[in-house]
Amino acid sequence: MATLPLGATPTSVPGLLLRPVRWPEEAAALNDINNAGCLSTGNLEVYSVEGLLNRYAHLVHCDLATDLRVAEHEGRPVAYARVKWQDETRGGRIHVQMLFTHPDAPPGTLAAILDWAETRSAEIATGLPPSPPAWLSVFLNEETPANRAILESRGYRAVRYFFGMVRPTLDDVPELLLPPGVEVRAVRPEHLRAIWEAEVAAFSGHWLASADDASEVRWEGFRGEPLNDLSLWQVAWAGDAVVGMVRPYINPLDLEVLGVRRGWCENISTHADWRGRGIAKALIARALVALRDRGMTEAALGVDADNETGALGVYRSMGFEERTRETDFRRPLAAGDPS
């Protein structure tokens, strides 16, 4: 009998082993798996190793030594799974299972890494104070009919959709005014904490938001994001308060790999007391012009399709069109739980 690598366990798929990840040495391998799966289904962005390293250095309720596993087939990494948990500000707890598969992974790989993720999530739950309702959540990097069928066969149901949207041209950007008393100021490093705190507050009631979003770990991750470009940011102030923002960025890998001059018009938020006054639209217009001035020819963003603030309608009115979809699949943590 062949000796398994240290820490590896066999799966139901012949030749497919699950093992701990050698971190950060294997960050590039994981990033390649993620990109291959996402791009095979039309994802709009190419992810960088630097971005992955920053995200994984600032995780909350996730220990990479115990909560991350790579699937290896014939000596080659072909998939990985990561789990975490969080208490949502909307109530209840979710155990998030991020599943990443390469299109060349052998049949059965998704089910195998989901087996591990569900088992690990159940183990984590036993060590936490009870907090019903508790849910298992799954996001896929490769949402195909076959993968969706695997989830549905286990009782998962689609509960929320997220769209990737594109404005195919940066021509004809409307000139929109901010309301009286609101102005955009050049972003300086000493503004970053106030900007981050305003963003956390603006998103605090949204889907997937949790108290962890305001943690110092998340603050450090915000500061360390390698695609931050303060010269592109459009931040609106009313006196000493941040009342809205758009934080655009340009990912050079989009041009290098996809051949598109696409900027990202992301991290769009408005203070709850200032919504409905046209701040988001005015800032988006400014962001589109800033991206155009940097040589971009189109812009993209991601949106929660059911965002209660009406974000989807705002983005459509600004010329963005749906191109891709990502789904949050959930089922109760405990079988038979009516939650």
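**Close-up views of the predicted model**

**View 1. The second largest pocket.** The volume of the second largest pocket is about 180 Å³. In this predicted model, 15 residues line that pocket, and T101, A105, P106, L110 and N147 are the closest to its centre. Two elements, helix 4 (109-126) and helix 5 (145-153), each give two or more residues to the lining. Sorted by class, the residues lining the second largest pocket are eight nonpolar, six polar and one charged.

**View 2. The largest cavity.** One cavity of 30 Å³ or more is present in the structure. The space inside the largest cavity comes to about 30 Å³. Its lining consists of A198, A202, V242, V243, G244, M245, S269, T270 and H271. Helix 6 (192-202), strand 10 (241-246) and strand 13 (269-270) are the elements that give two or more residues to this lining. Strand 10 provides the largest share, with four residues. The lining of the largest cavity contains five nonpolar and four polar residues, and no charged ones.

View 3. Eleven strands form an open sheet with mixed pairing, in the order 1-2-3-4-5-6-15-7-14-12-11. Strand 1 (9-10) and strand 11 (249-250) are the edge strands, and each of them pairs on one side only.

View 4. Strand 1 pairs with strand 2 (residues 16-20) in the antiparallel sense. Two bridges join strand 1 to strand 2. Opposite T9 stands L18, a residue of strand 2.

**View 5. Helix 1 on the sheet.** Helix 1 (residues 27-40) packs on the sheet, where it touches strand 3 (68-73), strand 4 (76-87) and strand 5 (93-101). The direction of helix 1 makes an angle of about 90° with that of strand 4.

**View 6. Helix 4 on the sheet.** Helix 4 also packs on the sheet. The strands touched by helix 4 are strand 2, strand 3, strand 4, strand 5, strand 6 (134-140) and strand 15 (321-332). Between the direction of helix 4 and that of strand 5 the angle is about 155°. Helix 4 is also one of the elements that give two or more residues to the lining of the second largest pocket, shown in View 1.

Notes: Residues numbered from 1 in each chain as written. Predicted model: local features only at pLDDT ≥ 70, side-chain atom pairs only at ≥ 80, totals over all residues. Heavy atoms only, no water. 1 Å grid on protein atoms, 1.4 Å probe; cavity = no way out; pocket = protein on both sides within 12 Å on 5 of 7 lines; lining within 4 Å. Points joined across faces, edges and corners; volume = space filled by probe spheres on them. Nonpolar A, V, L, I, M, F, W, Y, C, P; charged D, E, K, R; others polar. Pairing = 2+ DSSP bridges. Contact = heavy atoms within 4.5 Å. Axes fitted to C-alpha atoms, helices over the stretch in contact; angles between N-to-C directions.
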